[in-house]
Amino acid sequence: MAEEDIVVAMTGASGALYGLRLVEVLLQAGKHIHFTLSPAAVEVIAAECGRKVDPDKFNPAKFFGQFWTPILSSRFAYHNYRDFKSGIASGSFLTGGMVICPCSMGTLGAIAAGISDNLITRAANVQLKERRKLILVPRETPLHLIHLRNMTVCTEAGAVILPAMPGFYHKPTTMNELVDFIVARVCDQLGVDHHLQKRWGEKEADQS
Ligand SMILES: Cc1cc2nc3c(=O)[nH]c(=O)nc-3n(C[C@H](O)[C@H](O)[C@H](O)COP(=O)(O)O)c2cc1C
């Protein structure tokens with residue numbers, strides 16, 4: 001069932017809603033989620049979503065709110081950011097890929113430098129060394145040369161850089177549609193079926 005196991009990490013870049021929605025969509029698609037978040041992500045989630053998180057006593061029902069059902073618990077595992085004994089810190093733990101969403105420039109830089117000083121950077125390193133899918137969703141603007149170089153290095157090492165840059169050609173009218181634009185792109189990269197939005201060139205009637 002390794003292909004069903006997806007690692008999702010949230011770091012301290014703006015765009016917490018992308019990560020929350022991604023977990024929701026992947027769980028609804030039947031995936032098993034291994035979830036972790038950085039201390040900076042805790043700050044951003046509080047600032048952007050008004051949700052208080054205690055990373056040492058993580059409560060998924062409280063964190064994910066409305067969409068959480070007890071049945072999802074069997075497909076969700078939380079890993080503390082400091083827990084290097086976690087399965088996802090090892091290449092022998094098979095996964096179908098990892099997404100860091102949102103991905104701070106700090107975490108992206110650490111991955112580019114091969115630093116594994118927390119569970120997120122370690123798990124990302126593992127994905128790269130095992131030649132598995134690693135999707136990074138950075139959000140920063142403007143970008144300086146070091147950001148650009150770090151993104152190039154990560155790409156050269158096999159990661160997919162999928163910036164949180166929603167398009168506007170589908171005429172979004174809500175923030176949720178903008179979030180789903182990015183989550184849909186991540187799902188496409190993971191090969192996860194979804195109906196989050198109409199695809200370009202798809203007729204209205206094709207939508208289900
Ligand atoms: C409200 C808030 C918004 C932030 N937005 C961003 C951002 O969009 N991109 C970014 O790279 N860092 C952003 N930061 C800074 C990171 O959180 C900071 O660099 C942190 O050290 C990243 O740590 P992490 O990679 O371990 O999560 C933000 C911080 C706060 C508090």
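Guide: Let's start with F67, which counts as buried at 13% relative accessibility.

Visitor: What makes F67 buried at that value?

Guide: Buried means under 20% relative accessible area, exposed means over 50%, and partly exposed is what lies in between (1.4 Å probe, protein chains only). F67 has 13%, so it counts as buried. A word on ground rules: this is a predicted model, local features need pLDDT of at least 70, side-chain atom pairs count only at pLDDT 80 or more, and totals for chains, interfaces and linings use all residues. Residues are numbered from 1 along each chain as its sequence is written, and side-chain values use heavy atoms, with hydrogens and water left out.

Visitor: Where is F67 found, and with what is it in contact beyond its neighbours within four places in sequence?

Guide: F67 is in the loop between α3 (60-64) and α4 (70-73); helices here are DSSP runs of H or I with at least four residues, strands are E runs of at least two, and both are numbered from the N terminus. Contact means heavy atoms within 4.5 Å, and on that basis F67 is in contact with E24, L27, Q28 and L72.

Visitor: K31 is a lysine in a loop. How do you know whether K31 is buried or exposed?

Guide: Same test: its relative accessible area is 11%, so K31 is buried. The loop in question runs between α1 and β2 (32-37). Not counting residues up to four places away in sequence, K31 touches E3, E4, I6, L26, R75 and V192.

Visitor: And what makes V192 buried?

Guide: A relative accessible area of 5% does it for V192, which sits in the segment after α8. Leaving aside neighbours within four places, V192 is in contact with L26, A29, K31 and C187.

Visitor: Why are α1 and α8 called oblique?

Guide: Axes are lines fitted to C-alpha atoms, for helices over the stretch in contact, and angles run from 0 to 180 degrees between N-to-C directions. Under 35 degrees is roughly parallel, over 145 roughly antiparallel, 65 to 115 roughly perpendicular, and the rest oblique. Helix α1 (residues 16-28) and helix α8 (residues 175-190) come within 9 Å and cross at roughly 55°, so the two are oblique to each other.

Visitor: Which residues make that contact, and how do they divide by class?

Guide: On α1 they are L17, Y18, R21, L22, V25 and L26, and on α8 they are M175, L178, V179, D180, I182, V183, V186, C187 and L190. By class that gives 13 nonpolar, no polar and two charged residues; Ala, Val, Leu, Ile, Met, Phe, Trp, Tyr, Cys and Pro count as nonpolar, Asp, Glu, Lys and Arg as charged, and the others, Gly among them, as polar.

Visitor: What makes α5 and α7 oblique?

Guide: Helix α5 (residues 105-112) and helix α7 (residues 145-156) cross at roughly 50°, with axes coming within 9 Å, so oblique is the label here too. The contact is made by M105, L108, G109, I111 and A112 of α5 with H147, N150, M151, V153 and C154 of α7. Its classes are seven nonpolar, three polar and no charged residues.

Visitor: How do you know that C101 and C103 are in no disulfide?

Guide: A disulfide is a pair of cysteine sulfur atoms within 2.5 Å, and the structure holds zero of them. For C101, the nearest cysteine sulfur, that of C103, is 9.2 Å away. For C103, the nearest is that of C154, at 7.6 Å. C101 is buried at 1% relative accessible area, and C103 is buried at 0%.

Visitor: What kind of peptide bond joins C101 and P102?

Guide: A cis one, with omega about -5°; P102 lies in strand β4. The bond from T141 to P142 is also cis, with omega near -5°, and P142 is in the loop between β5 and α7.

Visitor: What makes R131 and K171 exposed?

Guide: R131 has a relative accessible area of 71%, so it is exposed, and K171 is exposed at 66%. R131 also has a positive phi, near 60°, as does K171, at about 55°.
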